[in-house]
Amino acid sequence: MTQPPSSLPASDLPVVRLKPKANARAIRRGFPWVYANEMVLDRRTSKMPAGTIAVLEDNERKEIALVTVNPNSKIVCRVLDRDTRDVPDRAWFATRLDKALTLRERLFDAPFYRLVHAEADELPGVIIDRFGDTAVIQPNAAWADVLLQQLTDALVDVTGVKNVIKNAGGRGRQLEGLDNEDKVLVGSMPEGPLPVVMNGATYFADLSGGQKTGLFYDQRPNHGFAARLADGQRVLDVFSHVGGFGLAALAGGATSALCVDGSAAALELAAKGAEASGMSDRFEARQGDAFDALSALNEAGEKFGLVICDPPAFAPAKPALDAGLRAYERIARLASGLVEENGYLVLCSCSHAADLSAFTGACLRGIGRAGRCAQLIHTGQAGPDHPLMPQLAESGYLKSLVFRL
C-alpha cells in the first residue's frame, strides 16, 4: 500500500470536495463520515491510494476538516481532525492516546479495558484493547493500516506496554479492502490465554485464537448487573463465549451456572475461568447450537431463576435487519419458557442495524408468544471504556434488556 505523506503542511495535501447537496453542516457539527454519494469522485480523487490524508472542502471551497480518503469504501472520507494544519504523526497519535488513557485510568483500577473505541476516541476505525502489558490493535480503516507504525510507536510511548499485536479479523477491514493477516508488532505473543479479573470472577482471554481481540470488555457492567440478580439462582448463560455472564453470576452467588456455546475452545476457557475463580463445582458447560440447546431444555421442562442470551450480531447491516429481528424474537420466545415465575431474563444485541426500539419490540414479541408477562427493569449499554459518539448512532451498538417475567 502506498504510504501517504505524514508530515506535509495542509497546503501541500490533496483536496477533496463535497457535492453541492451534501450536508456540510452535519460534518462541521461533528458527524465523522462522508459517504461516496456525497463526494465529488472525479478521476483524481478516485485514483487516490486508500489511506491518503487530504483536506475536505465544501462545494464553496471552504475547508471543513482533515480527512483520510479511501475511494474503495462506501465511507470515502473519515474525519481525523478539525484543524487542517495537523497531520497524523507519532506526536499526533500520542496526544489522542494519552487522552484516551486518562479516561480509562480514572475508570479502572487495573490496565484491562478498551483503550481506544474508534471515532469516539478520535481515532476513526481503530480499536485497541489492553490486557496489562499487552495491547491488541484492530486497524479497521485503511489510514490506520498505512500509519500503523506511527500508531504502534505512540502506543508504546504512552502506555508502556511490552507487546503489541495486530488483529486483522474485524469485519470493517473487509469493507475497507484490507488484508486479514494477524501479526506481532512489538514484543511477543503471550504463551497462553491471559487472566482478566472482572466482577469478582477470573476470565481467560485468548489473544491469538479467540473471538475479536480475545475478550468482550463491553459487557462488563451488564455482567455486573446480572450478577446482582443471581444470588441463590440457577443460571443459564447461552452464547456464553468464555463464560461472560455465567462466571459473573457464580461470583454473585448463583447456585449453578450452565454455559452454552458453539465453540469448544471458548467453553474450555470458561471452565478454566471457573476453576481459577474457585467455582468449578457450580459450573457446567454444554457445547452445541444455541437454538437446539434452548429447545432441548424446554422439552426437558428445565427452569432457571436467571436466563441470559447474548448472541452474535444477527443484524450486522440493514439488509439483514428483518431476518435478524426474527432471530431475536425466536431467542426471546425459547428463553422465556425456561424462566421460573418471577425469574429474570437478560437479552442482548450487538447489532448495529437493530436500534433499541426495534430490538425491544422483537424481544417483547417473543416473550408474548411464550405466554409470559414482563417487567423491563434495566436497559444497559456498553461500558464507559466504549464511549458513545453522540453524532454517530453506530457507536451505540450494544443493548442489554433485563426483564422480570
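Predicted model: local features only at pLDDT ≥ 70, side-chain atom pairs only at ≥ 80, totals over all residues.
For orientation, rolling a probe the size of a water molecule over the atoms shows where empty space is left. Here is a quick tour of both cavities, with the residues to look up in the structure.

**Second largest cavity**

- The lining is made up of C309, P311, Y328, I331, L347, C348, F359 and C363.
- Two or more lining residues come from each of α11 (321-336), β17 (339-349) and α12 (356-369).
- By class, the lining of the second largest cavity has eight nonpolar residues, with no polar and no charged ones.

**Largest cavity**

- The space in the largest cavity comes to about 40 Å³.
- You will find G51, T68, V69, N70, I75, V76, C77, R78, A141, A142, W143 and E176 along the lining of the largest cavity.
- At least two residues of this lining come from each of β4 (63-69), β5 (75-81) and α4 (142-146).
- Of the elements around the largest cavity, β5 gives the most to the lining, supplying four residues.

- Seven of the residues lining the largest cavity are nonpolar, three are polar and two are charged.
- R78 and E176 are among the residues to look for in the lining of the largest cavity, while Y328 and F359 are among those lining the second largest cavity.

Note on methods. Residues numbered from 1 in each chain as written. Heavy atoms only, no water. 1 Å grid on protein atoms, 1.4 Å probe; cavity = no way out; pocket = protein on both sides within 12 Å on 5 of 7 lines; lining within 4 Å. Points joined across faces, edges and corners; volume = space filled by probe spheres on them. Nonpolar A, V, L, I, M, F, W, Y, C, P; charged D, E, K, R; others polar.
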